[in-house]
Each structure stands twice: as structure tokens, then as C-alpha cells.
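This report describes selected features of how parts of one structure pack together. The sequence and the structure are shown first.

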Amino acid sequence: MIRRRTLLAASAASLAAPAVVRAQAMKLSFYYPIAVGGPIPAIFDGYCKEFQAKTGVEVAPVYAGNYGETLTKAVTAIKGGNGPHLAVLLAAEMHSLQDLDILASLPDVGLDAEGEKWMAGFYPAFLANSRADGKLWSVPFQRSTSVMYYNKSAFAEAGLDPEKFPRTWAELQAAAVKLTRKDAAGRVTRWGVKMAADTGNAQWTFGGLANQVMHQLMNEAGTETYFNHPKAIEALAFWRGLASAGAAPEGVSNWGQLSPDFLEGNAAIIQHTTGNLTNLKTNAKFPFGIAGLPGKDGPRTVVGGGNIYFFKNANAAERKAALAFARFLAEPERAANWSMRTGYIATRPEAYETKVLKDYIAGFPAADVARGFLPVAVGELSTFENQKVYAALTNNVQACLNGAKTPAQAMADTQAEADRILKPYKKA
Amino acid sequence: MRRETVQGWLLILPALLLLVAFTHWPAATTLLDSFYATPKGSRPPRFVGLENYLDLLDDPVFWIALRNNAIYALWTIPASVILALVMALAVNTAIPGRALARMAYFTPTMLPMIAVANIWLFFFTPDYGLFDHVIGVFGGGRHNWLGDRDTALPAMIVVAVWKEAGFFMIFYLAALQAMPPDLKECAALEGSSRWNFFRRVTLPLLMPTTLFVLVNAVINAFRLVDHVVVMTHGGPDNATNLLLYYIYQAGFRFWDTALAATLTVVLLFLLGMLAWFQFGVLGKRVHYR
């Protein structure tokens with residue numbers, strides 16, 4: 001008997017040993033984009049170390065540039081057979097990534113019934129770009145919304161109430177006209193409002209505007225777009241109208257230029273990401289406010305930022321570990337820490353129940369403004385061939401802002417181009 | 001086979017291997033890829049013959065990029081070469097602070113294009129950037145240099161000329177220094193005017209250098225797009241989209257490998273024709289000593 005038991009124990013040990021060794025040696029490659037300023041890599045390295053101490057799985061982050069560059073590098077590496085196991089990429093890239101046939105859906109990663117319940121705990125707006133074919137494909141992580149920053153001194157100077165930011169388009173335009181200041185020679189020294197229309201950002205600005213007239217630009221499957229719609233045209237006409245009214249500069253404003261413009265006092269209101277809050281807080285020499293975007297009739301905004309994706313090239317054990325890492329990052333204390341140190345919105349309500357975050361918000365209420373607008377936020381424009389559709393939209397928006405096309409013409413051209421791009425994806 | 005032949009082949013073998021591996025082989029596979037549709041996911045690429053090329057003819061962005069690139073080349077090549085020659089002539093004469101002037105002209109060449117683009121991004125900033133500031137002093141208005149369709153491409157051209165001229169100047173300067181001074185003394189004795197000397201002696205003697213510089217300028221007119229990436233991303237509305245940038249967009253933004261391969265073949269063909277023209281036609285008229 002003893003001998004038999006010893007034998008069993010020994011064989012069990014020898015069977016278990018490789019598994020233990022494997023688990024200890026497991027190393028996940030994680031591509032990660034740096035989209036805002038600040039010491040993000042240092043923060044992130046800390047999380048990875050904590051995770052390793054807890055589970056023995058080493059997560060090796062690869063800081064791969066901005067979102068676009070990270071996408072390029074991840075896809076190139078996967079096609080080359082040496083890709084990451086997981087990555088943070090734009091939430092809106094879901095359909096395109098699916099089309100490349102490199103994604104593992106959350107059920108494929110091993111999300112069970114309990115996991116499904118956990119997924120339901122995210123803010124719904126942050127899951128808007130995660131669903132396709134009746135499955136979930138990504139876990140929200142570094143998320144933001146589009147917000148407006150405004151110069152309170154300029155508001156006071158123009159005779160506006162600094163504590164009351166416009167809530168409708170009409171109010172915004174009226175305020176922006178008042179905020180625009182000219183010198184004796186007629187040169188504008190301060191613009192009322194600036195919104196980014198350069199490549200990579202025009203579609204985000206426009207996504208917000210479309211939601212402000214309650215218009216959805218695409219279907220959930222990502223195979224159809226609705227640009228050539230009176231409401232979409234109305235949204236573009238409003239954008240263009242800000243320049244015609246003299247409240248915004250003619251032509252295209254660059255995303256990267258908005259923060260310096262704001263800090264220089266060259267723009268009284270800018271539309272930007274919540275992720276920019278810490279930067280402006282550090283550098284602004286005047287009191288400034290943060291507010292949700294207005295809408296045609298009331299505030300409405302659009303979410304942005306990146307989700308965690310899992311890739312097919314990871315084996316079952318690696319996928320499981322990757323999912324565990326995603327859940328580790330979403331734990332309330334860590335999500336709260338992440339939000340405070342970066343300015344991103346914590347993706348789950350329970351993070352806002354933690355004491356640290358409550359205390360932080362009590363001392364810096366601006367940090368909690370964006371969250372209040374999540375109920376009126378929608379997902380980003382996201383289709384198959386996402387970048388091509390973005391390019392078509394961006395070119396036409398830019399042509400319209402340059403005065404080369406009417407809003408109706410620009411939207412009709414965008415729709416025609418998008419139809420051509422999406423033709424192969426239309427199911428008969 | 002003769003021994004010398006074997007030796008000859010052995011000597012060029014290393015260079016040949018590298019050339020084949022990194023130039024000819026990729027070019028050949030690109031040509032092959034241009035006959036196939038873009039593979040999607042696990043589906044294998046499908047042979048489509050010349051369809052990609054026909055699609056290209058219908059692609060408005062291709063024609064815009066081609067037109068932009070032609071304008072870009074027609075301005076940057078002559079402007080940078082002439083400016084380089086003028087600068088070289090200037091710093092070849094005995095002027096005070098000559099070393100400083102040479103260094104100043106050469107500085108743009110030493111800076112990486114990405115850094116240059118970021119500096120110029122500030123120059124072009126509307127309202128409070130360098131140019132608008134200077135123009136404002138003289139009572140001028142606001143210019144959205146990079147955000148306006150009419151000024152974006154000229155802005156790209158100015159940056160490219162600024163970046164390139166110093167590099168070409170070095171070649172002209174070297175050629176001018178190598179020119180024997182007795183020619184000048186001779187011409188002075190004959191009573192030839194300075195302009196006549198420049199036109200009849202200096203310029204013809206600089207022709208080999210000019211050909212070399214021209215070849216480089218032509219290549220750069222199609223190759224130098226780093227500042228487009230940093231400053232405009234090809235916008236607004238494709239106003240600064242150049243062929244190579246469009247290839248990058250197609251290949252790494254849209255993952256449309258068929259379009260990227262087809263564009264690459266077109267670009268290769270264009271460059272090949274230009275090289276043939278330069279070496280075959282211009283080259284024959286160059287006088288080598």
C-alpha cells in the first residue's frame with residue numbers, strides 16, 4: 001500500500017512539475033501605446049511587477065508609440081509570427097482587427113459565466129465598441145471622453161458666467177463669438193473655440209458632433225455608415241458655421257496645437273480628451289474649467305481611448321493568464337490609482353467608491369466632471385476597413401472646413417466613398 | 001571559365017548578394033504581389049491580373065498624390081540645386097566669417113528630418129508662430145499655413161528645400177575647391193568677365209557634380225516624406241499627400257497590401273524612367289575630365 005501511494009504521489013509530482021515550471025516561465029508580451037504625457041511607463045512597470053509577484057506570470061510591456069504606431073507594430077509582428085499575446089489598441093479598431101483574423105474573442109480567451117457578470121460591471125459606454133457577432137472582443141482599459149476645457153478668465157472678461165458653460169449649440173456659438181477678441185488692426189488675438197480636424201482626430205470630433213444631434217454614424221456590425229443623412233449634414237454645418245460666424249479659425253486646426261493654443265490664451269475653449277487634464281492643470285497660468293460637450297439641445301459626447309485585446313497566437317494557458325492580467329488591472333484600487341495618476345476615467349463604478357479616489361476628487365473636483373457625462377456618451381465611429389473610412393471622412397471634413405465643399409456635398413462624397421470601401425462586407 | 005572571371009565574380013559576390021537580398025528580390029516580389037488581391041484574414045491572396053492597376057486609374061487619391069508629387073519635384077529640385085550652387089559660390093570666396101557661414105548652411109543637413117519638421121511646425125503655427133509673428137509686425141493677417149489647402153504643399157516644399165540645399169552645397173563646394181586656380185588666372189589674363197568665366201568654365205566643370213546632385217535631388221523628391229508624416233499626415237484633404245506617403249498609408253494604415261504593392265511598382269517605374277533619362281540623356285552631355 002505504502003509503496004503504491006508513494007508511487008502515485010511521485011507520478012503526480014512529476015506530472016505536476018512541468019506545469020509549475022511552465023507557469024513560472026510564462027512570459028506575456030504586451031504592446032502598449034503611450035497616448036498622453038506623463039510617466040506612464042513607470043506607472044505601468046509597477047503594475048506588471050505587482051502582477052508577477054502575485055501570480056508568477058511575467059508581463060513584458062512593449063511601449064510602442066502612439067495608438068496608430070502600436071497597431072502597425074502589433075499587426076506586423078503577428079503577421080511575422082512573433083506577435084504580442086495581448087495589446088491595448090483603439091477600442092474603435094475592433095472590426096478591422098476581426099477582419100485581419102488575429103483576435104481571440106473573450107469567450108475564446110476563457111470568459112465564463114462569472115466573467116460575463118464581471119464584464120457587465122463596466123460603464124456601458126465603454127463597452128459600446130466591444131460587441132460584434134453577439135460576442136465581446138475587448139476589455140476596456142485606458143478610456144476617456146471628449147470634453148471641453150475653457151478659460152475662466154476669458155469668460156469673465158467677455159461678460160459670461162465662468163461657472164456656467166454652454167449646454168446647447170446656440171449657446172456655445174453665441175459664447176464663442178463673444179469670446180473672440182480682435183486687436184485694433186482687426187487681427188484676432190483670441191479665438192472663441194477650436195476643434196481638431198487633422199488626420200487621426202477629425203473623426204473623433206465629428207463623432208461627438210453627430211451624437212449631439214442624436215445621430216448614429218454606423219450600424220453595430222460595422223458594415224454600413226450613415227453619413228448622407230440630414231442630421232450628419234447638420235452636424236458638419238454647425239462645425240463649419242463656427243468659422244463662418246467668426247468664432248473659430250478658417251481651415252483645419254491641429255490636435256497637437258490645441259493645448260499650446262489654450263495655454264497661450266489663443267483659444268478660449270478647446271475640445272480635447274480627459275487624458276489632457278493633468279497636463280493643463282500643471283501648465284495653465286489662469287483658472288480653467290472642464291465641461292461636457294454641449295449638444296444641439298443638451299450635452300452629449302463620445303468616448304475614446306483603448307481597450308485590451310487578446311490575440312489568437314496565444315495558447316490556452318497564455319490566454320487565461322492574459323485575461324487574469326486584464327482583471328487585475330480593473331480591480332477598484334488599481335483602477336483608482338490609474339485614474340488619478342493619468343487623468344483617464346476609471347472604467348468601473350466601484351473604483352469611484354474607493355477612499356483614495358473619493359478623497360482625490362474632493363480636492364480636485366474637475367477630475368470627476370467627465371464621468372458625469374458617461375450616460376450621454378456613445379461609442380466611436382467603428383467599421384470594417386476603419387482607417388479607410390476615417391480617411392474618407394477626414395478628407396471631406398477638411399475640404400468642407402476649407403470652404404471647398406458644402407457640408408451636404410462633403411457628407412454625400414464621404415458616404416459614396418464609404419459605400420465603395422464597405423461593399424465587400426455587405427451581406428446579401 | 002578563366003581564373004580572372006571567377007575572381008571577378010567572387011569579388012562582387014558580397015555586394016551582389018546584399019543588393020539581390022534587399023533590393024532586387026523585394027522589387028520582384030512586389031511586382032508579383034501587385035497581381036494579387038489583398039489577402040483577408042485566413043483567406044489566401046487571389047490572382048487578379050491587372051485589376052489592381054485598373055483600380056489605381058480610378059483612384060482619385062492616386063492622381064492627387066501623383067500631381068502633388070510632380071509639383072513637389074518641379075519646385076524642390078531646381079530650387080534646392082540652384083540655392084546650393086549660390087551658397088557654395090558664396091562661401092567659396094574669401095568673406096569674413098567663412099567657416100561660420102559654411103557651418104550655418106550645413107546645419108539643416110545634420111538635423112534629423114523629424115526634428116526639422118517639429119521646428120518648422122512652430123514656424124508655421126497660426127497667429128503666434130514665427131511667420132505670422134513677423135507678418136503681423138508689418139500689419140499682415142493670420143495664415144493657417146498647414147491647415148489651408150492652398151498653402152500646405154508650398155509649406156512642405158519650403159521645408160524640403162531648406163533641408164536639402166545645405167547637403168548639395170557640400171558637393172558643389174568640394175568641386176569648386178578642386179578646380180585648379182590657374183584657369184581663373186588664365187581667364188583674367190584673357191580679359192574674360194566674371195559672368196563669362198562662370199558660364200563658360202565653372203559651370204561646365206561642375207556638370208559631373210550637377211548630374212550627381214540632380215540624381216540625388218530627384219530621388220529625394222520621391223523619398224523625403226518624413227516631414228509630411230510629422231506636420232500634415234497628407235492633409236488637409238490630401239493637399240500634401242505624396243506617392244511614398246500614400247504607399248505608407250495603404251500598406252500600414254489600411255493594410256491594403258495590393259494597393260501598396262501596385263503603388264510601389266508605379267513609383268519604381270517612375271524612378272527607373274527618370275534614372276534612364278538622367279544617365280542616358282543628360283549623362284552623355286556631361287563632360288568628365
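## Two helices of chain B

In this predicted model, helix α3 of chain B (residues 60–92) packs against helix α7 of chain B (residues 149–178), with an angle of about 40 degrees and axes 6 Å apart. Angles under 35 degrees count as roughly parallel, and α3(B) and α7(B) are therefore oblique to each other.

The crossing in which α3(B) passes α7(B) is right-handed. Of the residues in the contact of α3(B) with α7(B), 22 are nonpolar, four are polar and one is charged.

## Domains of chain A

Chain A is assigned domain 1 (2–143 + 304–368) and domain 2 (145–303 + 379–425). A distance of 32 Å separates the C-alpha centres of domain 1 and domain 2 of chain A.

Domain 1 of chain A brings 27 residues to the contact, and domain 2 of chain A brings 26 residues. On the side of domain 1 that touches domain 2, two or more residues come from each of α4 (94–99), α7 (124–127), β5 (131–132) and β12 (301–311) of chain A. The largest share of this side belongs to α4(A), with four residues. By class, this side of domain 1 has 13 nonpolar, 10 polar and four charged residues.

## Contact between the chains

Chain A contributes 29 residues to the contact with chain B, and chain B contributes 25 residues. On the side of chain A that touches chain B, at least two residues each are supplied by α3 (67–79), α12 (255–264) and α17 (386–401) of chain A. The most comes from α17(A), which gives six residues. This side of chain A comprises eight nonpolar, 13 polar and eight charged residues.

Conventions. Residues numbered from 1 in each chain as written. Chains lettered and ligands numbered in written order. Predicted model: local features only at pLDDT ≥ 70, side-chain atom pairs only at ≥ 80, totals over all residues. Contact = placed C-beta atoms within 7 Å. Nonpolar A, V, L, I, M, F, W, Y, C, P; charged D, E, K, R; others polar. Axes fitted to C-alpha atoms, helices over the stretch in contact; angles between N-to-C directions. Parallel < 35°, antiparallel > 145°, perpendicular 65-115°, else oblique. Left-handed = near helix turned anticlockwise from the far one by under 90°. Domains from an automatic or database assignment.
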